[in-house]
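Hi,

Here is the structure I promised to pass on to you. Have a look at it first, and then read on for what I found.

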Amino acid sequence: MSSSGFKFTLLVPLMVACLMASSASNFHNDFDITWGDGRGKIVNNGEVLTLSLDKASGSGFQSKNEYLFGKIDMQLKLVPGNSAGTVTAYYLSSKGSTWDEIDFEFLGNLSGDPYILHTNVFSQGKGNREQQFYLWFDPTVDFHTYSILWNPQRIIFSVDGTPIREFKNMESFGVPFPKNQPMRIYSSLWNADDWATRGGLVKTDWTQAPFTASYRNFNADACVWSNGASSCKSNASPSSASTNSAWFSQEMDSAKQQRLKWVQKNYMIYNYCNDAKRFPQGLPPECNMS
Ligand SMILES: *[C@@H]1O[C@H](CO)[C@@H](O)[C@H](O)[C@H]1NC(C)=O
């Protein structure tokens, strides 16, 4: 871990010391609705957040905190019915021109046709690392858990505990890894019918508006950034306190690796690492490492 190793050695005992038990997640405590002129709402005493989109505007929210590493879970129920042309983005991002970003984007579809889950990782302003998936369930019927594990060694995207993508720290091969810039959590629901559904062929049917996506059960076992320093806290229940800092060095066991292979074999529909014609100079270095 080179120069940052010292800092993280200090962080781990700190994390254990700073565990805080608190009650169920409350969106009022952790998030601000940032745009959409009333189309984003926190309801049910803070237990549920909804975003909506109509012809005039979409809506969005962001976390009050910035995080530097964490295991962040959110349950989402996506726009049902004819959601073609809509995109629900849920992501972590830092600021500035050399930003880092970890993305989930859900591309809507006609009723009965599958959503696409689009993922990407930016480090120091450079992305172009798309992987796309179909899901093995209808994401509009129930809430499902979408998780980002981000520690100094790896980023793992999971759906209901099943890993769908891993981006390892390959700095030793010259691939920048997000590890110095704190990120906020963002989400937005917006119209992208110029590209989202069948590459832009299917347009948003505004007679179906407003379109609504819902969120609940946010949980962050994470290091919160404030005034230039990081401290690690958890809002998990006391019963899970003993495992709360495990995420900081977590990797996939063999069962998880099998699940990842299952998803990649059966549900992955695009992988930038297989798109040689897009990279005439050669595939990005991380593609030859895993
Ligand atoms: C929508 O459904 C069509 C037909 O099954 C499929 O080709 C496409 O990948 C689906 N998803 C999106 C976002 O276009």
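Asn109 counts as buried, because it has 21 C-beta neighbours inside 10 Å and the cut-off for buried is 20 or more. Please keep in mind that this is a predicted model.

Where does Asn109 lie? The residue is in the loop between β7 (101-107) and β8 (116-122). Leaving aside residues up to four places away in sequence, Asn109 touches Ser83, Ala84, Pro114, Tyr115 and Thr197.

Next, the nonpolar core. The largest one has 52 residues, and Ile148 and Ile155 are those with the most contacts inside it. Strand β14 (residues 211-226) gives the most to this core, contributing 7 residues. As background, nonpolar side chains tend to be buried together in soluble globular proteins.

What does Ile148 touch, not counting residues up to four places away in sequence? Its partners are Ile72, Leu92, Ile102, Ile155 and Phe157.

Finally, the chain as a whole. It has 290 residues, of which buried ones make up 36%. The chain contains 3 helices and 16 strands. Of the contacts with a separation of 6 or more, 68% come from residues 24 or more positions apart.

Best wishes

Methods
Residues are numbered from 1 along each chain as its sequence is written. This is a predicted model: local features need pLDDT of at least 70, side-chain atom pairs count only at pLDDT 80 or more; totals for chains, interfaces and linings use all residues. Helices (H or I, at least four residues) and strands (E, at least two) are DSSP runs, numbered from the N terminus. A residue is buried if 20 or more other C-beta atoms lie within 10 Å of its own, exposed if 12 or fewer, and partly exposed in between; C-beta atoms are placed from the backbone. Two residues are in contact if their C-beta atoms, placed from the backbone, lie within 7 Å. A nonpolar core is a set of buried Ala, Val, Leu, Ile, Met, Phe, Trp, Tyr and Cys residues joined through C-beta atoms within 7 Å.
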